[in-house]
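Look through the sequence and the model before reading on. The paragraphs below go from one residue to its surroundings and then to the whole chain.

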Amino acid sequence: MRGNLIDLAVAVVIGTAFTAMVTAIVDDIITPLIAAIGGQPNFGNLSFTIHHSQFKYGLLINAVVAFLIVAAVVYFLIVAPVARLTTRMARHKEATTRDCPECLSEIPVAATRCMYCTAQVPPATADPADPFAPASPTPPAL
């Protein structure tokens, strides 16, 4: 029994319960509210028939509304806060890599030669605006 396996099992169970809850909210609260505006009492009964085949597009409308609610909840309660937290944590982290000016691969800050294209790379600078400027001015030749 590994921790990640248990976490995944808990996530699946909670996701299933959340889906059932959202489906109930859509079917019992939101759909009747939308139907009251449109004049139709239940979207689940909406259908049309072609050559004795019945197409229930009302159930599709219910499923789309449920999906939009789940997507909005997941985005605003999980994705957006985690993205803000990640950018806040990365803002204070010191850079450990930089781009090679020749091949644009990521190389360590202290590197003097690119490990991918073997080009000579100028030393790193303290100025983040110009990462390829010399670290200190060169003294004039005598």
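Is Leu 77 buried or exposed? The model is a predicted one, and in it Leu 77 has a relative accessible area of 63%. The cut-off for exposed is over 50%, so Leu 77 is exposed. Leu 77 belongs to helix α2, which covers residues 57-91.

Leu 77 is also part of a nonpolar patch on the surface. The other members are Val 74, Tyr 75, Phe 76, Ile 78, Val 79 and Val 82, and together with Leu 77 they have about 690 Å² of accessible area. Tyr 75 stands at 44%, so it counts as partly exposed.

The next topic is aromatic rings. A pair of aromatic rings is described by the distance of the centres and the angle of the planes. How many aromatic pairs does a search of the whole structure find? The search finds 3. In one of them, Phe 48 and Phe 55 have ring centres 5.1 Å apart and planes at 20 degrees; planes under 30 degrees apart count as stacked, so this pair is stacked. Tyr 75 and Phe 76, both named above as patch members, form an edge-to-face pair, with 5.1 Å from centre to centre and 80 degrees between the planes.

Phe 48 and Phe 55 also belong to a cluster with Tyr 57, linked by ring pairs. Phe 48 counts as partly exposed because its relative accessibility is 38%. Phe 55, at 40%, is partly exposed as well.

Now turn to Glu 106, which is found in strand β4, residues 106-108. Its relative accessibility is 52%, so Glu 106 counts as exposed. Which residues does Glu 106 touch, leaving aside those up to four places away in sequence? They are Thr 97, Arg 98, Asp 99, Met 115 and Tyr 116. Tyr 116 lies 10 residues from Glu 106 along the chain, and the C-alpha atoms of the two are separated by 9.1 Å.

Last comes the protein as a whole. It has 2 helices and 4 strands, and from the N terminus on the elements run α-β-β-α-β-β. Of its 142 residues, 14% are buried. The protein exposes about 11200 Å², and carbon and sulfur atoms supply 67% of that area. Among contacts between residues at least 6 apart in sequence, 21% join residues at least 24 apart.

Note on methods:
Residues are numbered from 1 along each chain as its sequence is written. This is a predicted model: local features need pLDDT of at least 70, side-chain atom pairs count only at pLDDT 80 or more; totals for chains, interfaces and linings use all residues. Side-chain values use heavy atoms; hydrogens and water are left out. Buried means under 20% relative accessible area, exposed over 50%, partly exposed in between (1.4 Å probe, protein chains only). Contact means heavy atoms within 4.5 Å. Rings of Phe, Tyr and Trp (its six-membered ring) pair if their centres lie within 6.5 Å; planes under 30 degrees apart count as stacked, over 60 as edge-to-face and the rest as tilted. Patches are made of residues with over 30% relative accessible area and no salt bridge: like charges are joined within 9 Å, nonpolar side chains (Val, Leu, Ile, Met, Phe, Trp, Tyr) within 5 Å. Accessible areas come from the Shrake-Rupley method with a 1.4 Å probe; for residues, only the protein chains shown count as cover. A salt bridge is a side-chain nitrogen of Lys or Arg within 4 Å of a carboxyl oxygen of Asp or Glu.
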